[in-house]
Amino acid sequence: MNRGKVRGQVLAFAAIALVSAGCGGGGDVDVDDPAGTGGSDSGGDGGSENAGGGTLVAAISAQPDQFDPHKTQAYASFQILENVYDTLVVPDAEGEFQPSLATEWTTSEDGLTWTFTLRDGVTFHDGSAFDSADVVYSYNRIIDEQLANAYRFASVASIDAPDPRTVTITLSAPTPALLDNIGGFKGMSIIPEGAADATDLATTAIGTGPFTLEGTSAGGVTLARYADYWGDPALVDGVEFQYVSEPAAALTALRSGDVHWTDNVPPQDIEGLEDDEEIELGVTPSVDYWYLAMNQAKPPFDNRDLRRGVAFGIDRDEVTEAARFGAATTNQSAIPEQSLWYHEYAPFEHDPDQATELIEQAATADPQPMGLMVTDEYPETVQAAQVIQAQLAEVGVDVGIEQETFATWLDRQAAGDYDAFLLGWLGNLDPFGFYHAQHVCEGTSNFQGYCNPEVDELLNQAAAETDQDARKALYDQAAEIIVDDVSYLYLYNPDVVQAWAPGLEGYEIRADKAINFETVRLPE
Amino acid sequence: MRAGETLRLLFRGPTALAAAAVLVLLVLTAFLGERLAPYDATGTDVSNRLQGPSADHWFGTDELGRDVLSRVILGAEVSLRVGVVAVGISLVAGVLIGLLAGYYGRWVDDVLMRLSDVLFAFPAMLMAIAVLAILGPGSTNAMIAIGIVYTPIFARITRASVLSVREEVYVKAARSAGAGDLRIIGRHVLPNVTAPIIVQTSISLAFAILSEAALSFVGLGTQPPDPSWGRMLSEGRGFVEQAWWMAVFPGLAIFVTVLAFNVLGDALRDVLDPRQRQAMAGTGVTA
């Protein structure tokens, strides 16, 4: 099967989980330094005039925890790595996979062998040539060291390099989401053979991407254009990422021209910025979802009727408005409307009477106490929780909001020490990523303790189903049961909100929040 | 008669009187709380969010449509309760430590005061945050944390006064007459070291309220949706451009309260210090 034919099954694919609910959390240190101490030629205005294209200055809200693409889980790290590393295949803005380090690929009749042809003339930032041994090394590193993304190779039996330009992946079961598994995000980057032993990948980067990692400081990260890049070289000379934790500071810097781009735009500012001529605002639906989960290992939250009562008691429209100021779409399942895999299913109308009835029957106390764990790392959870608290008070649930630091939050989630929590999953493309690890009985992200054998069977079948329509039907069925059982109580899909300088050309805002400055040209 | 004299001297000037009036008003507000608040302080009304001050909502509404005035009123109760309980904890613990250390001296003094020094060595906020990291966030734990942090101050002040009182003739006389330690401490030492403690209590109340606001600001104190001035300030920070009233009114509340406690504390010190008092009495004010 060549690339053109792959299309049928490839539109939109598995879990990117750039920062996942369960395991995100590195890089949560804010360094509030709007001025930046990067020490490079910052200050966009001056630089943009010269022939080289100038330096693009991007203000990001959080600091990367490290630069090892196989180990980091922090979105802030991937914002930078997106521009430094490459994967074999890469999703375009629609989620369709395009060639990157692999130029074409075929699958065998039985779907168990995938053969990738690699690109010629690619060199790493250290000057060494790229070949199949690097791919085998990179993937085996993830598998052998059981790194966070090893689960993406769960169905992979072996990875071989029959010649320097060819890589073969042999599977134990058909895996329709394979392209997403190996190319969905930069966590599956190709690093040079032996790089992990030769250098410290946490602080340096040897990729094949359009920019090289030049230096880091307390205030930011500096990238420079890689002259020997295999594609068209980047238009700007370099990119300077500055850590700006205060949204007001980021927007002020954008207005004054000190910064060209930022993703630090709180939803409440959208309305005021729409008519602002000094700022170009980008708002587009994302593939993220936010949800409430109840601890099903703990009575009375193990009672399906009680969970359904809570689901009827919540007014999603109000929660969404409170948390996102309209920059989101309510949803009762995980996958957003824009996705090919969207399945319209909304059994829960806001119905306080039915909620009261269900909760009364299942509760162990009146009112039923429920601790709701939230984190200031994601302020929208704190806002949503206060509205949910007021709504559930009317149907016999006394919500106690427990605001924790994210580290404590994650500890408590892992230990099962909670009644309920609010959080989101970011960056999924394939339904495998939306549903599998969160809802199969032994799922690695199934912290809520949900277990329904019927759902397990459907999800496992769907993971190996190669016919797209049949696969979607299986996921739709599974999703309906998950929603009905209230394994997760889905709330909404937020919008991506970014802002940049008017006249900045070639930037594309994406649903998966990948940030790529390869084709960007600075304003005149 | 001495208390009456003290009060008369205290309220000679208008500032102390004004401060006291503010505090009386604050205490009344805290006691009336929900009866005084025009709306339910935790009742959300998202369709009515971020409304500016108006006849319906004197202080406007916040990002979830809650009435800011009602939240400021109920926040008074939170601030006062945390302040009073926290200072109560440090007062009792600190004075006890100070009395024992000062009266018995020698190794008792060394052990107790070196422990206090260790506590004292940490910046107050850092110490409070560390305590809350162990106990977990919440307003009860915030009271305990603030109480622990301010204990060494009371211990030091008490000890210093006890050291001089211990050598007084009447203490020696009591001992010669066969009085036990407990009686001497309770009847002769404690009443004579109260002045500086009272002053410190007033000033500590201001600091405790400020600490509660700071801890709530960073999310470790009062938990949502309960109103706390510090938390309201922190929530309002993200909306300064759209809704200044969210941060300004709780900020003013903190400012006025802390100022009132400080002014009163200063005035008390002037009055209770024997030398100052003599000077004041001697300036020709008719007695």
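Biologist: What should helix H9 of chain B span, and how far apart are its end C-alpha atoms?

Modeller: This is a predicted model, and all the values are computed from it. H9(B) covers residues 194-217, which is 24 residues. At 1.5 Å a residue, H9(B) should span 34 Å, and its end C-alpha atoms are 34 Å apart, so the two agree.

Biologist: How many residues of H9(B) are buried?

Modeller: 17 of the 24 are buried, so H9(B) is largely enclosed by the rest of the structure.

Biologist: And what follows H9(B)?

Modeller: Gly219(B) follows H9(B), and the phi of Gly219(B) is positive, near 90°.

Biologist: How many helices and strands are there in chain B?

Modeller: Chain B has twelve helices and zero strands. The C-alpha trace of chain B spans about 75 × 50 × 30 Å along its principal axes.

Biologist: What percentage of chain B counts as buried?

Modeller: Of its 287 residues, 45% count as buried. For contacts in chain B with a separation of 6 or more, 68% are between residues 24 or more positions apart.

Biologist: Changing topic: how many residues of chain A are in contact with chain B?

Modeller: 17 residues of chain A are in contact with 15 residues of chain B. On the chain A side, helix H10 (316-324), helix H12 (379-393) and strand S16 (397-404) each supply at least two residues.

Key:
Residues are numbered from 1 along each chain as its sequence is written. Chains are lettered from A and ligands numbered from 1 in the order in which they are written. This is a predicted model: local features need pLDDT of at least 70, side-chain atom pairs count only at pLDDT 80 or more; totals for chains, interfaces and linings use all residues. Two residues are in contact if their C-beta atoms, placed from the backbone, lie within 7 Å. Helices (H or I, at least four residues) and strands (E, at least two) are DSSP runs, numbered from the N terminus. The expected span of a helix is 1.5 Å times one less than its number of residues. A residue is buried if 20 or more other C-beta atoms lie within 10 Å of its own, exposed if 12 or fewer, and partly exposed in between; C-beta atoms are placed from the backbone.
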